[in-house]
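Subject: Structure for you to look at

Hello,

Here is the structure I promised to pass on. Please open it next to the notes below.

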Amino acid sequence: MPEGSLSEAVHRLMHAYKHLLREGVQRQKIELPVTHIRVLKAICRNDQITAQSIAKRMQRDKAQITRALNDLIRDGLIVKADNPLDRRSQLLNPTSEGRAVMTKLDSVEEWAVQQLTAKLESDELAFFLRISQTMADCAKQVGNSEKEES
């Protein structure tokens, strides 16, 4: 792969961001696996979320999500509540401790972004955001058209 290729740039950026997130999580002393962090984030950002919707959103097996949920419940970070719209499922909500961890995670993400963008001017950042959103939209269209063809 050529050194200046788009693939290499995206790959390096993705790994740099992940590295910064891991560093921030360690600094904040958040002792959760990545899957648990992603599940907690989904629960904190959506007040009508179920185990099934998390599994679908994360494209993970429901059993894997259930194990993460059980750990988060055991750790006192989330609770289950009856779903008034569907008796077969339960809504998931963060506890105050879960919201406190989410506050730390938000600060980790903010710190990571600050590290990545420290040498960018505001117009450069705005341009990057516009370009990256266009690229993500293009990728999503490819995924949607492949689903329609199958």
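Helices here are DSSP runs of H or I with at least four residues, numbered from the N terminus. Please keep in mind that this is a predicted model.

First, the surface. Leu6, Val10, Phe127, Ile131 and Met135 make a nonpolar patch of about 450 Å². Two helices, α1 (6–27) and α6 (122–149), each supply at least two of its residues. The largest share is from α6, with 3 residues. Val10 sits in helix α1.

The largest nonpolar core has 24 residues. Which of them touch the most other members? They are Leu32, Val39, Ile43, Ile54, Leu69 and Leu105. Two or more core residues come from each of α2 (34–44), α3 (51–58), α4 (62–74) and α5 (96–117). The largest share, 5 residues, belongs to α2.

Ile43 deserves a look. Beyond its neighbours within four places in sequence, Ile43 contacts Ile49, Ile54, Leu69, Ile78, Leu92, Asn93 and Pro94.

Last, a loop residue. Thr50 lies between α2 and α3. Is Thr50 buried or exposed? Thr50 is buried, because its relative accessible area is 12% and the cut-off is under 20%. Setting aside residues up to four places away in sequence, Thr50 touches Asn83, Ser89, Gln90, Leu91 and Leu92. Leu92 is also on the contact list of Ile43.

Best wishes

Notes: Residues are numbered from 1 along each chain as its sequence is written. This is a predicted model: local features need pLDDT of at least 70, side-chain atom pairs count only at pLDDT 80 or more; totals for chains, interfaces and linings use all residues. Side-chain values use heavy atoms; hydrogens and water are left out. A nonpolar core is a set of buried Ala, Val, Leu, Ile, Met, Phe, Trp, Tyr and Cys residues joined through side-chain atoms within 4.5 Å. Buried means under 20% relative accessible area, exposed over 50%, partly exposed in between (1.4 Å probe, protein chains only). Contact means heavy atoms within 4.5 Å. Patches are made of residues with over 30% relative accessible area and no salt bridge: like charges are joined within 9 Å, nonpolar side chains (Val, Leu, Ile, Met, Phe, Trp, Tyr) within 5 Å. Accessible areas come from the Shrake-Rupley method with a 1.4 Å probe; for residues, only the protein chains shown count as cover. A salt bridge is a side-chain nitrogen of Lys or Arg within 4 Å of a carboxyl oxygen of Asp or Glu.
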